[in-house]
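Visitor: Could you walk me through this model while I have it open? I would like to start with the surface and then move on to the details.

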Amino acid sequence: MNLGLFEYGLVLMSFIITYFATKILISLLIDSKRVVLDYHKEGRKFVAHPGGPALIIGLISSLSLAFVITNDIRIIAILGVVTISSAIGLVDDFRALGGRKKPLILLLASVPIILLGTYEPNLDFLFFGSVKLSIIYPLLVLVSIPVTANTINTIDVLNGVSTGFVIITSIPLLITLILIGDSNMVLVTLILISVCLAFFVFHRYPSKIFPGDSGTLTIGAMYGAIAIVGGIELIGVFAILPAILNSFFYLASMRDFVEHKNIKVRPTRVLSDGTIEAESNENAPITLVRLIVAGNPSKELSIVNTIFVLSLVSALLATIMGVLTWAI
Amino acid sequence: MKNVLDLVFIIISAFVLVFVIAAIIFTTIVQLENPFTFEFGEILIVIIKLITSFILFLIWVVIIQKMITGYLKKKLKEIN
C-alpha cells in the first residue's frame, strides 16, 4: 500500500480548506446573528451554528479531487453519500425535520452505494469465519448509513464530542485498511480525519462553533460509507459502540424517535456554577452523559474527556479485532 | 472520571455480547439450509430464522437494559 505525494498533499489541503472555511464561517454566522445558546456554560454564552457547511466544503472538494487522482468509483459512491446526507442535514438545520422523519429520509443517503454496487456482500467474523449475505446485505447497507449518521448526531451534546469522537473511532478503520492494503480507502479515511481535525480546532472545549445536524449527519454518514465500501463494516460498528449504545439507551427509554429539544424531562441538569448532574426523575431519558454524571456531578470538560476515554477503549477493541481478523 | 471504570466494563460487555450474538445470527442462523421438503418449507424456515434472530437480539437488549438500569439506580442512590 503506497500513498504518493499527491495523496498526502490532498490530505493536507483538506485540512487547510476546512480550517479556513470554519474560520470564515464563524465570522459570517456571528455577523448574521446565527448563534445558539451553549447550555452547559456559566452565564449565557452563545456559539456560532451551524458549522456543517465548513465540513461539507472540506469533504466534497477533497473527495472530488481524490476521485480525479484515483479514478475509483467507490469514491463517487462516498461522495454521493456525503452530498445527500449534507443536503438533508442542511434542511434539518434551517427547518427541523423531526425525530421520525430524519432517519427515514436518510435512507436516501445509502442509495449511491447500492446503485453503484460498491460493496462486497461478505461479513468477516473473527473466529466464526466469513459469510456471504447476497440478499440481506443490500438491506443492511440501506439502514447502516441512517444508523451511523444519527448515532454521531445523537452523541453531539457537548463541546467537541462529535468531531473528536469521529477522529478517534476512524483510527481502527485506518489501521485495518492499511493492513488490507486498500490505499484509496486509506486516502478517504485520512480525508475524514483531517477535515474533522481542522474543525475540531474550533469545536473543542470551549467551542467557537457547533457543527449542527448538517455537520454531524455528514461525518456520521461518511464514516458508515467508508466502513461499508472498505469492507470493514464490523470494525466500524464496534468502534462507535459507545455512540450506538447512547442512541440505544435513549430510544429504549423514550420508546420513540424524539428530538432532544422536544423531550419533557432532560437527562441532566446544569447547576449555576456550570456543573452537570444526572436527573433523578425516572422518566428522564437514559443517555451516555447521564450515565457518566450519575452520582458524580462533573464539569463539561471532564465529561467530554470521559467520552473520549470510552471511545478510545472501543477503538482499541475494534483495532484488535481488525488486526486479528486480518492476521487469521 | 469517577464512573469511567464501570462504564468501560459496560462497553466491553456490550462489545462481547454484540459480537457473539451477531456472529451466531449471521454465521449460523442465517446460513441454515432448508430441512423441510413440503410446499411452504421455504417460508417456514425464513420465519424460524427471523424469530430466532429476534429472540437473540431481545436477549442482548434485556441483558444491556438490566446492566444499565442497575448501574443508574446504584449511582443515583449513592447521592441520595
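Visitor: Okay, what does the accessible surface of chain A come to, and what share of it belongs to carbon and sulfur atoms?

Guide: The accessible surface of chain A is about 13300 Å², and 66% of that belongs to carbon and sulfur atoms; such areas come from the Shrake-Rupley method with a 1.4 Å probe, and for residues only the protein chains shown count as cover. Before we go on, please note that this is a predicted model, in which local features need pLDDT of at least 70 and side-chain atom pairs count only at pLDDT 80 or more, while totals for chains, interfaces and linings use all residues. Residues are numbered from 1 along each chain as its sequence is written, chains are lettered from A and ligands numbered from 1 in the order in which they are written, and side-chain values use heavy atoms, with hydrogens and water left out.

Visitor: And what is the accessible surface of chain B?

Guide: For chain B the accessible surface is about 5000 Å², with 75% belonging to carbon and sulfur atoms.

Visitor: How many helices and strands are in chain A?

Guide: Chain A has 13 helices and six strands, where helices (H or I, at least four residues) and strands (E, at least two) are DSSP runs numbered from the N terminus. Its radius of gyration is 19 Å, close to the 20 Å that the globule rule gives for 328 residues, so chain A is as compact as a globular protein of that length. That radius is taken over C-alpha atoms, and the globule rule is 2.2 Å times the number of residues to the power 0.38. Along the principal axes, the C-alpha trace of chain A spans about 55 × 45 × 30 Å.

Visitor: What about chain B, how many helices and strands there?

Guide: Chain B has two helices and zero strands. The radius of gyration of chain B is 19 Å, well over the 12 Å that the globule rule gives for 80 residues, so this chain is more spread out than a compact globule. Its C-alpha atoms fill a box of roughly 60 × 20 × 10 Å along the principal axes.

Visitor: What percentage of chain A is buried?

Guide: Buried residues make up 58% of the 328 residues in chain A, whereas 40% of the 80 residues of chain B count as buried. Here buried means under 20% relative accessible area, exposed over 50%, and partly exposed in between (1.4 Å probe, protein chains only).

Visitor: Backbone now: which peptide bonds are cis?

Guide: The bond from His49(A) to Pro50(A) is cis, with omega near 0 degrees, and Pro50(A) is in the loop between β2 (46-48) and α2 (52-70) of chain A. The bond from Tyr205(A) to Pro206(A) is also cis, with omega near -10 degrees, and Pro206(A) lies in the loop between α8 (183-203) and α9 (212-229) of chain A.

Visitor: And what is phi for Phe127(A)?

Guide: Phe127(A) has a positive phi of about 70 degrees although it is not a glycine. This residue is in the loop between β3 and β4 of chain A, and it is exposed, with a relative accessible area of 68%.
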